[in-house]
Amino acid sequence: MALFASITIFSAGAKPTGTAPAPAYRLTRWSFADGAPAGIRAIAQTLDGFLWLGTSNGLYRFDGVTFERIETDDRRPSRSRQVNALLATPDGQLLVGYQKGGIDVYRGGRLVDLRLPAQVVGYAAQLTTSPDGSVWALLQGPDMAWLGQLRQRRWRWFHSGTTLPSQPGQSVLPVRNGDTYLAMYPSILRLRRGGVRFEVLPTRVGLGANLLEDAAGRVWIVDETSIRSVLTPSTGTKLPPFRFDNQPRPSTVLQSGEVWIGADNGPALRYNPDAITSPLAPMPTQSLPAPSGSGRARTLSIFQDREGNIWTGRVTGLERLTRGGPAILSPDLDLTTGFVRAGRAGDIYVGARDGLYRLNRLGAAPSRILLAGRQIYMLCGAEDGRLLVADVDHTYLISPKAPPRLIRQNNEFTPQSCAVDRQGRFWVQKHGLFLVQEDRFVTAPDSLGPQQRGRVLRTLDAALINYSPRPYIVTMQDGRTTQLWSGKDIVIGTVQAIVPFDTGFIAAGEYGLAYHDSTGFSVLDARRYPFLGAVTGLTTTQDGRTWLIGREGIFSLATSDLRSAFKHSGAPIQVSRFGHEQGLQSRLSSDEANDVMQDADGNIWFNTNQGLAWIDPTAQLGAKVGPNVVIQSLDAAGRHYPGSSAVIALPVGTTDLRFDFTALGLTDAGSNRFRYRLDGRDQAWTDAGNRREAFFTNLGPGRYVFRVKAANSAGIWSPTDATLSFAIKPAFHQTIWFIVLIAGLACVALWLLYRLRLAVVGERLRQRIEGQVEERERIARELHDTYLQSVQGLILRFQAIAEGIPSGSRGRLQIEEALDRSDEILVEGRKQVLNLRNIGAVADLEARLLPLLESRETLHTVGRQRLVCAPIVEQTAAIVREALLNARRHAAATGIDVSITCRRRGLTVVVRDNGVGIDTATATDGREGHFGLCGMRERAEKMHARLVIQGTPGTGTIVRLEIPARTAFRAPSRWLRLIG
């Protein structure tokens, strides 16, 4: 909001010392350049706190900062844009009366046609409500006036020519006793409570008539010429002329009981109904300043909001009058020193560029008492009323009962700062420390330390406190100097003010405050407390408040909060800000400052960038509770969502959001401060300052609640948070089903990798076995082609030799026996060669094991039997043979059972006996000097098989051999082939 004007208005008459100050009104204007609409004919405030403006260009909503135009959903040709009347109903709705086109109701964020009867036509002259909650609407048509009462959703109509006189209607007023008054032209009518017909009263009215009821229940008529009582017309007063424009003369009764009446040209007029003592006698009135150009100052509407602000709609824009707050008394007065108090009466003095001034009673400008045209550089005062004043060339001692005395200068430096000790002596800082004696400066004793140029000199109890930009802060007492702070330790920057506080003092610097007592310094950093930056004045009051002025403006805070923050770093301080809309802050240049002081009447004075200002802390109006907070809209994914109490469903993939919100504290609305939090993401509140929007990025799916709270210019926080709930729909990849799917796929992938590993291992084992088979076949060929053939040849040779030996001889018999044995060896060799060649083919494991069994031993199969790789058959047969031999030799078994089980996962062979069993140690490690069990395990490892030997003494033994399918079977099943 651009601030166009900020003017202070005072009541007429001077205020005697010791009485309450005259009320001051702070005027703020919004023009077309600030976004304000023109021609504001009606003003209303709904329950949520929004200010509504009926203008020549439609309906507007105002939160104290932004003007928002409310568009209609349908543009009926029969309805004009100009809004003549507004009414905020007790249930929170808003009725809108148009120049042409009837009445709308605003609810749920939309303007809805109220649908008046077809015969009711005309412009809406007035909308009002009665104490029983019914709504009255006055419309003036081309030929007749229509007056309607809406109660329990049913209309009752009165109109000219039948139930009303054939006269134009101007104003309607339901009063507290249940009666209803109607101003027509020129008659006034009254409908008694419970009555059905209006009665005509003897009072006559002019054009532009408006009816009012004051706090005492008296009914007044305001028209183009006067204000007077309806029942006793002789009681009243004349008014300046008012141009009639088919609209009642704007007027209202304030909460204080005053009557405010709009003028045709110029400011509104104020009247006190209780002050009328004689017929048509002039009432005590006060004119308020108007915009330049009297023709543009015409008042169209007057309204008082719930905080006590008075709003005026004009042709050129909107005005607000706020009672209390900083009042700028002398904007043209260029002050050059801080405030000083002198005399037992507590008079306050201040130096300016054109002389020395004394502050007067409120309502009167300060008085220049000395050194006209001379710039004042230094000023301090004593309890006996004396003042020490310095300009660029001279220093003066001013006494209440003696003429001013010139203090002789003993050097060319202008005094920088001064203070008064308990003995009433003046101490002065120039290029060093001096004491004023008689009519000259005397150099301070050497015991007080080096004579360096100081900047701030103050008195605290019996000591002097001196700050020098060297920098250091020292105390001087009883001829001794004690250094308190120096060098880089002074983290608050250049000190501009030193103020007594509790048992010590506060030093105010550019970067914060520092409090010193017997325990040392405590610092409040302006980065943590921005309102404490560049403070040029601070004072505490008896009501427990501390007032200060700095580069951020004028603030009031609880003194207890300030103490707590000094004791506990980071403790919160709740502040109230004043003068934000006026742009008030500390003056730009102040070597030594004391820019806040309370006078004897309790008013707080400020030396500001806009001159002399004051505040009456007891007369601050405005809301006593925190402002209502409204979340206006949510913008996400290119769509705009109005604030709603329902949960807003946002589309898939939404990550970035923007919220717009506001607070309906209309007094100094620019000072409203906000905090927000997004439940579901944030743990702590975010301080937004006076920013009215919040942004969030990279949000994930889920349910969220956005919360906002606000504090008004008085520092009072809203009693409840404004909330907006929304949910972001997840994309499929953000759902739990996607996570389950990924987890399942990962498990399947791991399982497939495992199976693949098994397939690879099995394939490698098979390749190794097939290599062994090929090697055996090669050996078989070599044996057949070499060894067996050679043996056969030797046999034939020896047989030929035997034929040459006589039959029956001993030699021949020996040769024939050897040849018979050679034939047996050859047959055995041929069998072995045959075994070597047949080892690579698949074999029937059952057929291979049957010859190993004896009569008392059995073999059976489980499952569909499959052919097994011949090497596996041989290895398995060797293991089974060893198991059978052990059962026969060592277990004394009477029964042995062998089972063969073929499954999809592999081959299992189990040898089970009923012998004496085997202990665990032997089953695990075997017997010393025996290698049967060790050989069985080695054969199983070569096949990548699992061999388990179980048994306990007396229960028999079980030998279990499990061979993977990849190893056992020559042709694996199709699903294993796919994996492999």
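Author: Gladly. This is a predicted model, and the protein has 9 helices and 72 strands.

Reader: How many of the residues count as buried, and what makes a residue buried here?

Author: Buried means under 20% relative accessible area. Of the 980 residues, 51% count as buried. The protein exposes about 46600 Å², and carbon and sulfur atoms supply 51% of that area.

Reader: What can you say about contacts between residues at least 6 apart in sequence?

Author: Among those contacts, 53% join residues at least 24 apart.

Reader: How do you know that Cys380 and Cys418 form a disulfide?

Author: The cut-off for two cysteine sulfur atoms is within 2.5 Å. In the pair Cys380 and Cys418 the S to S distance is 2.2 Å, so by that cut-off the pair is a disulfide. A search of the whole structure finds 1 disulfide.

Reader: Which hand does the link of Cys380 and Cys418 have, and what is the angle about the S-S bond?

Author: The link is left-handed, with -135° about the S-S bond.

Reader: What does the pair of Cys380 and Cys418 tie together?

Author: Cys380 belongs to strand 34 (residues 378–381) and Cys418 to strand 38, so the pair ties together parts that are 38 residues apart in sequence.

Reader: Why is Cys380 called buried?

Author: Its relative accessibility is 5%, and the limit for buried is under 20%. Cys418, at 3%, counts as buried because of that limit too.

Reader: And Cys747 and Cys869: buried or exposed?

Author: Cys747 has 52% relative accessibility. Exposed means over 50%, so Cys747 counts as exposed. Cys869 comes out at 7%, and therefore counts as buried.

Reader: Let's return to strand 38. Which sheet does strand 38 belong to, and what makes it an edge strand?

Author: The sheet is open, has 4 strands in the order 38-39-40-41, and its pairing is antiparallel. Strand 38 (417–420) and strand 41 (440–443) are the edge strands, since each pairs on one side only. Neighbouring strands of this sheet are turned by 35° against each other on average, direction ignored.

Reader: How do you know that strand 38 and strand 39 pair?

Author: Pairing needs at least two bridges. Strand 38 and strand 39 (residues 426–429) have 4 bridges in the antiparallel sense, so they pass that test. In this pairing Ala419 stands opposite Trp427.

Reader: Why is Arg458 called buried?

Author: Arg458 has 17% relative accessibility, so it counts as buried; the limit is under 20%. Arg458 lies in strand 42 (residues 456–460). Leaving aside neighbours within four places in sequence, Arg458 is in contact with residues including Ser417, Cys418, Ala419, Ile498 and Glu592.

Reader: What makes strand 23 and strand 24 a pair?

Author: They have 3 bridges in the antiparallel sense, with strand 24 at residues 259–261. At least two bridges are needed, so the two strands count as paired. Val253 has Val259 in strand 24 as its bridge partner.

Reader: Why is strand 65 called mostly covered?

Author: In strand 65 (residues 722–728), 6 of its 7 residues are buried.

Reader: Which strands pair with strand 65, and in what sense?

Author: Strand 59 (residues 648–650) pairs with strand 65 in the parallel sense over 3 bridges, and Leu650 stands opposite Ile728 there. Strand 64 (residues 702–711) runs antiparallel to strand 65, joined by 7 bridges. Phe706 stands opposite Leu724 in strand 65.

Reader: Last one: how do you know that the span of helix 5 agrees with what it should be?

Author: Helix 5 (residues 870–889) has 20 residues, and at 1.5 Å a residue they should span 28 Å. The end C-alpha atoms are 28 Å apart, which agrees. Among the buried residues of helix 5 are Ala870, Ile872, Val873, Ile879 and Leu884.

Notes: Residues are numbered from 1 along each chain as its sequence is written. This is a predicted model: local features need pLDDT of at least 70, side-chain atom pairs count only at pLDDT 80 or more; totals for chains, interfaces and linings use all residues. Side-chain values use heavy atoms; hydrogens and water are left out. Helices (H or I, at least four residues) and strands (E, at least two) are DSSP runs, numbered from the N terminus. Axes are lines fitted to C-alpha atoms, for helices over the stretch in contact, and angles run from 0 to 180 degrees between N-to-C directions. Buried means under 20% relative accessible area, exposed over 50%, partly exposed in between (1.4 Å probe, protein chains only). The expected span of a helix is 1.5 Å times one less than its number of residues. Contact means heavy atoms within 4.5 Å. Accessible areas come from the Shrake-Rupley method with a 1.4 Å probe; for residues, only the protein chains shown count as cover.
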